Amino acid sequence: MKIGFIGLGNMATAIIGGLLAKGMAATGEDGPAITAADIIGSAKTPETCQAQAQRFAIATTTDNREVATAADVLVLAVKPMFFPEVAREIAGTLREDTLVISIAAGLTVERIAQLFGRDADSFRLMRCMPNTPALVGAGCTAVVRGPGATDSDAALCTRLMDSCGRTILIPERLMDAASAVAGSSPAFAFMFIEALADGAVEAGMPRAQAYQFAAAALAGSAQLLLETGQHPGQLKDMVCSPGGTTIEGVKALEDGAFRATVMDAVAACVEKARQL
């Protein structure tokens, strides 16, 4: 199986790195592992192609049509603004039996099919939205199955995306919400880490240590929730002793409309995604 990537930016290289690091089998747990020889990618510049060829030992080219022709699975890792141009370029060379995986924000299954001149009901298409923690193997990818994709297509796409984190299969009507709560939220998390560190610096802690404490606390809190399955409110209550320091901080956050502000940020992301 040949896996092609059009676009060799952060998300594409995160997936490629995960596939090679985990030795994922394309055809199931008992199948042969994917190797660098199974991957081909394209980028706009020879410099990018050369850099990723040296990094992963994969085949690279500046010709998108070459990748589209060769690929059994084609990952379209291009920005939404460039997607129509790329679709027009490769539509005539893309094989009918190729599984297409799009990670372009805001473009629906129906819209992608239209750009390729295909009927969505017969187009083997999966739509995904990974997030930047995929760069360190801790991503969370929302996956939408197009109506023309088979059960094996969905299973293969899930295995590919699992290589750089976890995947969650959702109906397309929830993709804008998933884009906000998973795709955009790392920016909010980094802002929260920065704000926590600023508070610690104000209290006298060196900034480097403050970042370590804040980031480790958030990472550990997320892991605790995912592994225990407990409600976040229960976990919050475990930290809030009566009359203690934590509940005093929680009150300060509530006075600042912390939760309402976060909800407004998610709503703003959803609305913007619907306009793309």
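Begin with the second largest pocket, whose volume is about 930 Å³. The model you have open is a predicted one.

Select Ala-77, Val-78, Lys-79, Pro-80 and Phe-82. Of the 33 lining residues, these sit closest to the centre of the second largest pocket. Keep them highlighted as a landmark.

Colour α1 (10-22), α4 (83-90) and α7 (175-202). Each of these elements gives two or more residues to the lining of the second largest pocket.

Next, colour the lining by class.

Is Ser-179 buried or exposed? Ser-179 counts as buried because its relative accessibility is 15%, and the cut-off for buried is under 20%. Show its neighbours. Leaving out residues up to four places away in sequence, Ser-179 touches Met-129 and Ser-184.

Move on to another helix. Select α6, residues 151-162, and find Arg-159 within it. Arg-159 has 26% relative accessibility, so it counts as partly exposed. That class falls between the buried limit of 20% and the exposed limit of 50%.

How far apart are Arg-159 and Asp-72 in sequence and in space? Along the chain, 87 residues separate Arg-159 and Asp-72. In space, their C-alpha atoms are 15 Å apart.

Definitions and conventions: Residues numbered from 1 in each chain as written. Predicted model: local features only at pLDDT ≥ 70, side-chain atom pairs only at ≥ 80, totals over all residues. Heavy atoms only, no water. 1 Å grid on protein atoms, 1.4 Å probe; cavity = no way out; pocket = protein on both sides within 12 Å on 5 of 7 lines; lining within 4 Å. Points joined across faces, edges and corners; volume = space filled by probe spheres on them. Helix = DSSP H or I, 4+ residues; strand = E, 2+ residues; numbered from the N terminus. Buried < 20%, exposed > 50% of the residue type's maximum accessible area, 1.4 Å probe, protein only. Contact = heavy atoms within 4.5 Å.
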